[in-house]
Amino acid sequence: MTEIREYNAERTGSQPSNDWPAYTSTIKRHPQREPVALRQTLTEITGPTFTSGWAGPDLVDLTKQHKGEPLGERMILAGRVLDEDGRPVPNTLVEIWQANAAGRYCHPNDQHAAPLDPNFTGRGQMVTNAKGEYRFLSIIPGAYPWRNTFNAWRAQHVHFSVFGPAFATRIITQMYFPGDPLLEFDPIYNSVPDEAARKRLISRYDPNLSEAEWALGYRFDVVLRGRHATPAGL
Amino acid sequence: MSAKLIPTGTQTAGPYLHIGLTRPEWADLTDAGKAKGDKIVLEGRVIDGDGTPLPDAIVEIWQANAAGKYEHPDDVQDKPLDPHFRGFGRSCTDKDGIYRFTTVKPGAVPGRGNTLQAPHIAVSIAARGLLHHLFTRVYFAGDSLNPSDPVLSSIDDPALQKTLVAESKGKANGAAVWHFDIVLQGKGETVFFDF
């Protein structure tokens with residue numbers, strides 16, 4: 001008999017529904033049937049581990065991936081990966097990607113009339129340390145227009161992919177910036193039902209993280225599903 | 001212990017996920033053929049409600065090795081690990097919506113209680129237009145353990161059950177080819193799981 005120590009169910013209100021027509025790309029892509037509830041098995045409570053370094057070297061400085069430095073406001077982006085009980089999640093892979101300071105992605109499908117920056121790709125990755133910490137040096141991404149509705153603009157954001165200890169804990173999300181006037185109008189940000197959960201997606205300006213005469217500091221913690229304290233026999 | 005922090009909500013991976021997530025080498029789980037077990041190719045299309053393939057989806061898989069053991073500290077079964085098999089794969093769909101993995105057929109793993117799960121692969125799908133990734137499972141048509149698999153057999157409607165079962169498409173370069181389409185919406189919509 002295998003004992004299964006399950007991960008908590010996703011908390012009501014903390015997660016968006018895929019059926020969210022305000023974001024028009026969901027209309028033809030969201031499932032119409034409710035998902036089938038599956039009691040977690042060994043398959044769901046396990047997942048890739050990253051201690052051996054197989055995911056490749058950390059890429060933590062997004063300002064030094066080319067010959068010169070990218071334009072834009074330099075930003076230290078740091079935080080921790082935690083579970084719901086506040087315990088650090090060590091040795092897990094964090095991947096980020098973002099637009100350049102002008103709001104343009106280094107991607108063939110992005111034809112927005114803003115300049116590419118030959119010194120900026122906008123990709124980083126890092127395996128969290130023993131305290132669950134990560135830290136990147138980048139530039140603040142610009143806002144950009146998108147064709148969701150007329151004259152729609154995405155709030156400034158950085159994309160995050162985080163694994164956590166199990167297949168059940170894996171998430172892909174976006175980090176936003178405090179005080180961004182576009183947040184109020186952004187249907188992707190507003191797809192998270194609870195206000196407190198939405199605010200979890202907004203980073204915090206941290207003067208202690210900023211480095212004098214060098215870079216602004218933004219702090220963003222990622223909180224993954226926690227785990228039941230005791231195993232369930234059946 | 002009561003949970004104290006609100007979990008981070010998911011957001012769409014968006015149309016430019018390739019910048020951060022493209023890792024073509026992760027589509028081969030066999031360490032260039034060195035992994036133990038029967039080599040398989042798992043491939044298919046990701047399709048929307050109009051039947052249009054998604055050129056901008058990311059498919060990730062997680063599975064046991066050929067002996068039915070996960071490379072993870074919580075798998076305490078007395079079964080061998082394979083130094084050439086990690087069990088995780090990622091494939092971004094191409095312009096025709098096709099994803100493709102080279103892997104090995106997983107062994108059976110225990111289910112809850114005293115049950116045995118048929119060989120299966122866990123799948124996660126993310127894309128523009130998906131605010132939350134989707135979870136599904138791939139089973140293998142004709143496997144003798146399928147009828148007694150607790151998850152598969154919990155789905156009563158045979159038409160729905162079929163959406164979780166890959167079809168055999170013969171062999172290519174010595175590997176059995178398994179086809180598994182992921183239909184996000186509408187006719188033939190894949191069964192997705194919540195756990």
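A pocket, on a 1 Å grid over the protein atoms alone, is an open set of points where a 1.4 Å probe fits, with protein on both sides within 12 Å along at least five of seven lines; lining residues have an atom within 4 Å of a point. Grid points are joined across faces, edges and corners, and a volume is the space filled by probe spheres set on the points.

This is a predicted model, in which local features need pLDDT of at least 70, side-chain atom pairs count only at pLDDT 80 or more, and totals for chains, interfaces and linings use all residues. Residues are numbered from 1 along each chain as its sequence is written, chains are lettered from A in the order in which they are written, and side-chain values use heavy atoms, with hydrogens and water left out.

**View 1. Model confidence.** The model scores ipTM 0.97 and pTM 0.97.

**View 2. The largest pocket.** Its volume is about 700 Å³. The lining counts 31 residues, and the closest to the centre are Trp146(A), Arg147(A), Pro15(B), Tyr16(B) and Arg128(B). Two strands of chain A, β6 (144-146) and β8 (157-162), each supply at least two lining residues. β6(A) gives the most, with three. Strands here are DSSP runs of E, at least two residues, numbered from the N terminus. By class, the lining has 12 nonpolar, 12 polar and seven charged residues. Ala, Val, Leu, Ile, Met, Phe, Trp, Tyr, Cys and Pro count as nonpolar, Asp, Glu, Lys and Arg as charged, and the others, Gly among them, as polar.

**View 3. The second largest pocket.** This pocket holds about 600 Å³ of space. Of its 27 lining residues, Pro16(A), Ser17(A), Asn18(A), Glu34(A) and Pro35(A) are the closest to the centre. Chain B contributes too: β8 (134-140) and β12 (193-194) each supply at least two lining residues. The lining has eight nonpolar, 11 polar and eight charged residues.

**View 4. Cys106(A) and Cys92(B).** The structure holds zero disulfides over all chains. A disulfide is a pair of cysteine sulfur atoms within 2.5 Å. The closest cysteine sulfur to that of Cys106(A) is in Cys92(B), but it lies 15 Å away, too far for a bond. Cys106(A) is partly exposed, with a relative accessible area of 38%. Cys92(B) is also partly exposed, at 22%. Partly exposed lies between buried, under 20%, and exposed, over 50% (1.4 Å probe, protein chains only).

Methods
Helices (H or I, at least four residues) and strands (E, at least two) are DSSP runs, numbered from the N terminus.
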